[in-house]
Structures are given as C-alpha cells and as structure tokens.
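Student: I have just opened this entry and would like to be guided through it. Could we go over it together, one topic at a time?

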Amino acid sequence: MASLSHSTTATSMSSKNGQPLVGVEDYQREAFRRLPKNALDYYRSGALDQETLQENKDAMMRWYIRPRFLRDVSKRSMATTLLGHKVAVPFGVAPTAMQRMAHPEGEVATAKAAGKVGAPFTLSTIATSSIEEVAEGAPNTLRFFQLYIYRDREVTASLVRRAEAAGFSVLVLTVDAPSFGIRRADIRNRFVLPPHLRMANFQGKDEFSRINTSAGGSGINEYVASLFDPSLTWQDVAWLKSISRLPLVLKGILTAEDAKLGVEAGAAAIWVSNHGARQVDGVPPTMEALPEVVKAVGDRCEVYVDGGFSQGGHIFKALALGAKMVFMGRPLIWGLACGGEEGAEAVLNTLKAELDSVMALSGCATIKDITQDMVVRRETYSRL
C-alpha cells in the first residue's frame, strides 16, 4: 500500500499587479491574462454552445449543505483511501492534456505539487511530459495513467507496459471519446501544439507525437480522428484488463446502465465525467449524474467524479453524494500558469483549506462523517 506524505503549509501567490490570489477564481483570472490565446482557448473551452460547461458549475449550487452542530471538530482529518492506497485528501488531479503549453515544466510540476499535498495525480496519454519524466520527477506521488486506445493496439499496449514499469498504480480508460467533440474555439484558432512541444509519450513517432499542422480546423480533432479507435466496445475493456495487472478505472460514465456494465466488466472504479463538458453539449452535469451512478454501483466498486469543481464546498457536496474522490483539471492548469509547481500546489492547498473549513463548520471531523443526509436539493425547501 502506498502512503503519501503531505504538506500542511499553505502557499500563497500574488497576481502581476500584486493582489493576493485567494481562490481558484483568482488563479483563473490571472491565468487568463498570462496564457497565449491558442492555449487558453484549448484549456477553457467546451463543446458547441458550452451549455454543459456552464451547467457543470451551476449544478454545484443546486445542492445545499445541511450542517450539523455541537459536534467535536477540534481534531480533523481528510485522510482516506483510494483503491487501497492511503491519500491525505479526498481530491486529486484529473488528466489534462498538453500542460507544457501552460508552463515549461508542465505535467511534472503538477505531479510534484500533488505529491506534496498528498493527492493522486493522473497523467494523460496526450501529455507533453512522458510517463518516465513524471515518474522520475514525482516518485512519491500516487500516479494514475489515463489511456486512449489507438487503432494500432500495440501502441496502447506499449503505453501500458511503460506505465507499469514506471511505477504507476492505476490505469484509467477514457470511454467517452471515440472522437473529440466540436470545440468552436479550437476550430477558429486552428489549434496546433506550439512547434517546440510534442506528445511526449510518442517521441520518435511523428505521426503520434505531432500536432503542429491543421488542414483548416482543429489540429487535436484531426489527430484524434486519424489515430484513436472509434470501434471500441466492452470487449476492449476485457482486452485491456488481460494485458495489465493494474486496477482499471472507467472514466466518462454518466448513466446507471453503463455503470452497471462497467462493474460487470471488472472495473475497479467508475469515474463520473463528461470530459470537462468537451464532448456532447447537453449531457447532464456530473453532479446531477453522480447520484444515479452511486446507486447503481452500490458497494461493488469505488466512484469518482470530475467536472466543474473549484472550491472546497463543491468537494464536500460530491463526497456527501457518494463520491470516493473528486478530481479537478482546469483549476490545476490555472495554478500551473500562474507559477508552475508552486502555483499548482497553491491551488491544491487552497482547496484543502476550504474543504477543512466546510468540514469544521458542518460538524465533520473526518471524511466518513460527510454523509448523504448532509446535502439536499434546493427545491426541497420550496416544498416544505
């Protein structure tokens, strides 16, 4: 079992004009000022009209916290377990592609920051830092590896072998991406990777490592259309399990039906996600999909969630609704853009401090104290 050490000292940062950055929204505003348009639009955009992108955020406000008082919260702990691994906090870093567009140290910096806080880190297949670079740079971080399955199955099998050899603990298969959604900002920008960057997991394979040209639309969508395998079925989950000893998490589930199929296929965890609202515009926000997935899964495997989380109260609500772990992508990119490893760590510590405050003020000394009866839909009050 892996045990993660964690920093209890919060770091603080300031904007270029000297104002302190005290919440994820502050880091977001500052990152928007610093990032070049090509990268910024890639990170922040959702599919089509971006209705689900907004819904991911709005759904947080549709659940109210029901605090309990006169409980001893003098000593508090956020420690929990994740597939048997001890972690210091119930939140972690979601796979986010091409992080060196935000900072030269990219994914390595984010992974280091996660380890310092005691949070798990997930590396994207289409990262700008390689499996081996992240393993070497963040050896004490609990590391997941996110997979896309390529048409050339040996490419994917090779990635799995490398992740195992590098000490990654979990595989995360993204199931909601037979192709990428229509992201209008990337089409307008004719998105490509800056010429000095590559998909680092494919060094020496130009077809797989380069997004430096576009035929007129989004370079990332053209990359996916040419290389990802859109014919995937549940049989491919069985194939992936057959070639690896690592536990397999299925990411991108939004329905009870698929959650049940995932459990039957042997998933170690179901990860509720709408891909940062970047695939189908009009799917449920993840906070709304979470309860039906938790109910469908029961105690047969763990359930994780991502999508729109940006403060401690959001994390508290998801834990109350049954999530074992809450993952975040964009908030870490904003921290990374503001200050590399220090910025990413500051964001994580900000979220940690916020969650600790909500726990203390709601009568929860441990994560186990955050129970389902501590959240309620806001419309409930209009019917009382």
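**A residue and its surroundings**

Tutor: Let us start with Q99, whose side chain reaches the backbone oxygen of T96 at 3.1 Å. Such a polar contact is a pair of N or O atoms within 3.5 Å; within protein, one must be able to donate a hydrogen and the other to accept it, and residues adjacent in sequence count only if both atoms are side-chain atoms. The model is a predicted one, in which local features need pLDDT of at least 70 and side-chain atom pairs count only at pLDDT 80 or more, while totals for chains, interfaces and linings use all residues. Residues are numbered from 1 along each chain as its sequence is written, and side-chain values use heavy atoms, with hydrogens and water left out.

Student: Where is Q99 found?

Tutor: Q99 is in the loop between β6 (91-93) and α4 (106-117). Helices (H or I, at least four residues) and strands (E, at least two) are DSSP runs, numbered from the N terminus.

Student: Is Q99 buried or exposed?

Tutor: Q99 counts as buried because its relative accessibility is 2%. Buried means under 20% relative accessible area, exposed over 50%, and partly exposed in between (1.4 Å probe, protein chains only).

Student: Which residues does Q99 touch?

Tutor: Leaving out residues up to four places away in sequence, Q99 touches Y43, G106, E107, T110, T128, I333 and L336. Contact here means heavy atoms within 4.5 Å.

Student: What about M98?

Tutor: M98 is also found in the loop between β6 and α4. Its phi is positive, about 50°, although M98 is not a glycine. M98 counts as buried because its relative accessibility is 0%.

Student: And L83, what is its phi near?

Tutor: Phi of L83 is near 50°, a positive value in a residue other than glycine. L83 is found in the loop between β4 (80-82) and β5 (85-87).

Student: Let us change topic to strands. How many residues of β8 are buried?

Tutor: In strand β8 (residues 143-147), 5 of its 5 residues are buried. R143, F145 and L147 point one way, while F144 and Q146 point the other way. In a regular strand the side chains alternate between the two faces of the sheet.

Student: Which strand pairs with β8?

Tutor: Strand β7 (residues 121-123) pairs with β8 in the parallel sense, over 3 bridges. Two strands pair if DSSP finds at least two bridges between them. L123 stands opposite F145 in β8.

Student: What about β11?

Tutor: Strand β11 (residues 269-272) is covered on both faces, with A269 and W271 buried on one side and I270 and V272 buried on the other. Strand β10 (residues 248-253) runs parallel to β11 and is joined to it by 4 bridges. K251 stands opposite W271 in β11.

Student: What does G276 touch?

Tutor: Not counting residues up to four places away in sequence, G276 touches L53, N56 and R330. G276 lies in the loop between β11 and α12, and its C-alpha atom is separated by 8.2 Å from that of G329, 53 residues apart along the chain.

Student: And the second largest pocket?

Tutor: About 460 Å³ of space lies in the second largest pocket. Its lining has 21 residues, and L319, G322, A323, K324 and I370 lie nearest its centre.

How values were computed: On a 1 Å grid over the protein atoms alone, a cavity is a set of points where a 1.4 Å probe fits but cannot get out, and a pocket is an open set with protein on both sides within 12 Å along at least five of seven lines; lining residues have an atom within 4 Å of a point. Grid points are joined across faces, edges and corners, and a volume is the space filled by probe spheres set on the points.
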